[in-house]
Each structure stands twice: as C-alpha cells, then as structure tokens.
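I opened the file to look up a few things and kept notes as I went. The entries below are in the order in which I checked them.

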Amino acid sequence: MNEEGGVPILPFLIGTLILCYFGLEVNRQRNKLRTIFNVFDREESEIAEALEEWVESGELKPFELAPLH
Amino acid sequence: MHEHSNSTGHAKPRFKLRPKYRNEPLTPETPRFHVFLIDTGWNEPVSKVLREHIPLFHHYHPQDPVYVLTKEQSVKLLKRAPEHIGRDPMVVMYDIYKPKGVHSKENANYHGFRLNLGIIKNPQQALAKLQEFLKFVCKNRTAECLSCEVQRELHREGLSNMVNILREASEASLELL
C-alpha cells in the first residue's frame, strides 16, 4: 500500500477510522443522555392541559407521604 | 397557581402548570415543582425501582407535590404525546417559576425538565440515574435558570462519558497490542 515517498495510507486510514468511531460513539452517548434527561417547553402544553384537568377534577391526587421506616 | 371566580363569587385557586414570575427570592424550602410520575408499565424492573423509591424521593422534597399517574392515565397521556411512548417510566418536573432575566428563546419557553427512565434497561443503572436526578434537584432547586443548569449537567456528563470512551478504547488497544 505504501509507495516510496508517498503518504502512509494504512496508518492514516486506521487513524481516521478510530476518530470516526470515537466521534460517532460520543455523539451516540450524547443523544442518549439528552433523551434520558432533558428540559421541555410549551410544545408539550397538551400534556400539561390533561394533567391540569385531572388534578383539578380530583382524578389525580398528590401522593401521601408516610413516615420513613 | 392562578385564580378565578366561581358562581358564588369566591376566588377558587385553579391548578395551573404554566410558569409564572415570582416576587420573592427562592429558598431551599420554597415549593417550586409539581412532580408527575408517568408509567404505562413497559419496563417492569425499572418501574419497580422507581415505585419503591417514590416515598424517599418525596421525603427529600416534601414541599413539592408528587402525582403518581395510574397506568390508564399514563396511556391516555402518552396517546396525546406519542413521541414519548417507550420512554416511560418518566419523572416530569414542572417548574412553577419562570427564570428571571433570561432572554434566550429556549429559556423563555422553558417549562420544566424530565427524566425518562424507560430508556434504561438495567434497574441498577436506573437507580443510579434516579439518585443523580435527585441530587441535581437538591443542588439546583434555588437556581435562577434551571434550564441552564440542565445544559451544564448534560455537558458535564457528556465530558465524563467521553473520558470513559477514551479509557475503554485505550484499554482495548492495549489488549490488541
């Protein structure tokens, strides 16, 4: 693969592959993190409306705190 | 919470999840969140971990009401937001206060944050995540801009993940050599 005086292709290729893998893996982990823990905005107002309705009608009641054992 | 008048003329508090501006400073005892647990039962082992720890979670923040949805309610809710199907059990924290002096569009739209535990398959990992989440809420409940804190936390976790990947990669290369 290596030609005399040329660029060593194989190490370059392996290095690029490692970097690509590293980039993809970091990106995958970042996306996973953001899917697990994230903020939400008013686009989810439909959910909020339903929750407001249920709490107001008494269909959904606050959790009762019992003493710790 | 907002108020409106009923037919008898008495002001009856209405339950509202929309954030409002506050007049007083935040203290660790200030009620700040409405917590909702949504769980349709996809992920039984993780559901079990979450349900077992609800009382403890609530003991850390007794000033914030916790609402545990039934399976039926959770299904009804996720039918309205199908993009979240499969991510439950989830802990949704509605922040009742708007951040002050934060002008970016993202922060202006901020309503709260959530933890989607259903994505995690291992109950031990889910428990660790729940503990981290609880720690995050405890540490930041008086923060002016919680969405900024969430971004900071994600950045910090991202960096620590990157270090882990590098460590694993170097260990693997050493084994290969």
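**Entry 1: chain B, overall**

I read along the sequence of chain B and wrote down the pattern β-β-β-α-β-α-β-α-β-α-α. I counted five helices and six strands in chain B. I noted that the model is predicted. I then looked up burial and found that 29% of the 177 residues in chain B are buried. For contacts in chain B between residues at least 6 apart in sequence, I noted that 69% join residues at least 24 apart.

**Entry 2: strand β3 of chain B**

I asked how many residues of β3(B) are buried. The count came out at six of the six, so I wrote down β3(B) as largely enclosed by the rest of the structure. I then sorted its side chains by direction. F33(B), V35(B) and L37(B) point one way, while H34(B), F36(B) and I38(B) point the other way, and all are buried.

Next I looked up the partners of β3(B). With β5(B), the strand β3(B) pairs in the antiparallel sense over six bridges. With β4(B), residues 66-68, β3(B) pairs in the parallel sense over three bridges.

The bond from D88(B) to P89(B) is cis, and its omega is near 10°. I placed P89(B) in the loop between α2 (71-80) and β5 (90-95) of chain B.

I then asked which residues of the largest nonpolar core touch the most other members. The core has 37 residues, and the answer is V91(B) and L117(B). I listed the contacts of V91(B), leaving out residues up to four places away in sequence: V35(B), L37(B), R114(B), L115(B) and F133(B). Two of these names, V35(B) and L37(B), were already in my notes as buried residues of β3(B) that point one way.

**Entry 3: helix α1 of chain B**

I went to α1(B), residues 44-60, and checked its length. The helix has 17 residues and reaches 25 Å from its first C-alpha to its last, close to the 24 Å expected at 1.5 Å a residue. I also looked for a bend. There is a kink of about 45° at I54(B), shortly before the proline P55(B).

I listed the buried residues of α1(B) as V46(B), S47(B), V49(B), L50(B) and F57(B). I asked what covers the buried residues of α1(B). The cover includes β3 (33-38) and α4 (123-140) of chain B.

**Entry 4: chain A, overall**

I moved to chain A, which follows the pattern α-β-α along its sequence. Chain A has two helices and one strand. Of its 69 residues, 12% count as buried.

I looked at P8(A), which lies in the segment before α1 of chain A.

**Entry 5: where chain A meets chain B**

I asked how many residues of chain A are in contact with chain B. The answer is 31 residues of chain A, in contact with 40 residues of chain B. On the chain A side, the elements that give two or more residues are α1 (9-36), β1 (37-41) and α2 (45-57). I divided the residues of that side into 19 nonpolar, three polar and nine charged.

I then followed β1(A). β1(A) pairs with β6(B), residues 110-116, in the antiparallel sense over five bridges. F37(A) stands opposite L115(B) in β6(B). L115(B) was already in my notes as a contact of V91(B).

Leaving out residues up to four places away in sequence, I found V39(A) touching Y110(B), F113(B), S147(B) and V150(B).

Definitions and conventions
Residues are numbered from 1 along each chain as its sequence is written. Chains are lettered from A and ligands numbered from 1 in the order in which they are written. This is a predicted model: local features need pLDDT of at least 70, side-chain atom pairs count only at pLDDT 80 or more; totals for chains, interfaces and linings use all residues. A nonpolar core is a set of buried Ala, Val, Leu, Ile, Met, Phe, Trp, Tyr and Cys residues joined through C-beta atoms within 7 Å. A residue is buried if 20 or more other C-beta atoms lie within 10 Å of its own, exposed if 12 or fewer, and partly exposed in between; C-beta atoms are placed from the backbone. Two residues are in contact if their C-beta atoms, placed from the backbone, lie within 7 Å. Helices (H or I, at least four residues) and strands (E, at least two) are DSSP runs, numbered from the N terminus. Ala, Val, Leu, Ile, Met, Phe, Trp, Tyr, Cys and Pro count as nonpolar, Asp, Glu, Lys and Arg as charged, and the others, Gly among them, as polar. Two strands pair if DSSP finds at least two bridges between them. The expected span of a helix is 1.5 Å times one less than its number of residues. The bend at a residue is the angle between axes fitted to the seven residues ending there and the seven starting there.
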